[in-house]
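Here are my notes on this one, jotted down as I went through it. Have the structure open while you read.

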Amino acid sequence: GKIATYLRHGIPIIVNQIGLYALDVAHFGLGVVVEMPEDIAMVLDTHDFQEFSGAVCDYFDKVLDASRYIPGLFEKLEQVAAGP
């Protein structure tokens with residue numbers, strides 16, 4: 001929930017390389033992927049995180065925003081409730 005909340009509010013993220021979001025962070029420019037926790041200090045010193053904010057908001061809107069999926073979910077629930 002924390003990562004989605006950060007992305008929802010346009011806050012770039014720093015994730016480790018084995019995390020669930022690592023590929024998307026690198027591919028979509030959502031922040032920075034680090035190999036070791038010790039790398040975080042260097043990343044904070046060397047990156048301008050404002051450059052990521054547009055991509056972060058766009059990613060949330062296109063991928064994570066629940067409003068994109070709720071209509072389809074309710075449709076499926078109605079089909080299940082209606083039975084065969």
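Predicted model: local features only at pLDDT ≥ 70, side-chain atom pairs only at ≥ 80, totals over all residues.

1. Asp58 pairs with Lys62 in a salt bridge, and their closest N and O atoms sit 3.4 Å apart. That's it for this kind of contact: the structure holds 1 salt bridge.

2. Where does that pair sit? As for cover, Asp58 has a relative accessible area of 36%, so it goes down as partly exposed: the cut-offs are under 20% for buried and over 50% for exposed.

3. H4 also turns up on the inside. The largest nonpolar core has 15 residues, and the members that touch the most others are Leu7, Val25, Leu30 and Val32. Two or more core residues come from each of strand S1 (13-16), helix H2 (22-28), strand S2 (31-34) and H4. Of these, H4 gives the most, with 3 residues.

4. Leu30 is worth a click. Leaving aside residues up to four places away in sequence, Leu30 touches Leu7, Pro12, Ile13, Asp24, Val25, Phe52, Ala55, Val56 and Tyr59. Among those partners, Leu7 and Val25 are also on the list of core residues that touch the most other members.

5. Which residues make the nonpolar surface patch of about 370 Å²? They are Ile70, Leu73, Phe74 and Leu77. Ile70 belongs to helix H5 (residues 70-82). With 36% relative accessibility, Ile70 is classed as partly exposed, because that value falls between the 20% and 50% cut-offs.

6. On the overall layout, I count along with the assignment: 5 helices and 2 strands. Reading from the N terminus, the order of elements is α-β-α-β-α-α-α.

7. The overall dimensions deserve a comment. The radius of gyration is 17 Å, whereas a compact globule of 84 residues would come out near 12 Å. The C-alpha trace spans about 60 × 25 × 20 Å along its principal axes.

8. Last, some totals to go with that. Buried residues account for 21% of the 84 in the protein. Among contacts with a separation of 6 or more, 40% link residues 24 or more positions apart.

Notes. Residues numbered from 1 in each chain as written. Heavy atoms only, no water. Patch = residues over 30% accessible without salt bridge, like charges linked within 9 Å, V, L, I, M, F, W, Y side chains within 5 Å. Areas by Shrake-Rupley, 256 points an atom, 1.4 Å probe, with all protein chains shown as cover. Salt bridge = Lys/Arg side-chain N within 4 Å of Asp/Glu carboxyl O. Helix = DSSP H or I, 4+ residues; strand = E, 2+ residues; numbered from the N terminus. Buried < 20%, exposed > 50% of the residue type's maximum accessible area, 1.4 Å probe, protein only. Core = buried A, V, L, I, M, F, W, Y, C linked by side-chain atoms within 4.5 Å. Contact = heavy atoms within 4.5 Å. Rg over C-alpha atoms; globule rule 2.2 N^0.38 Å.
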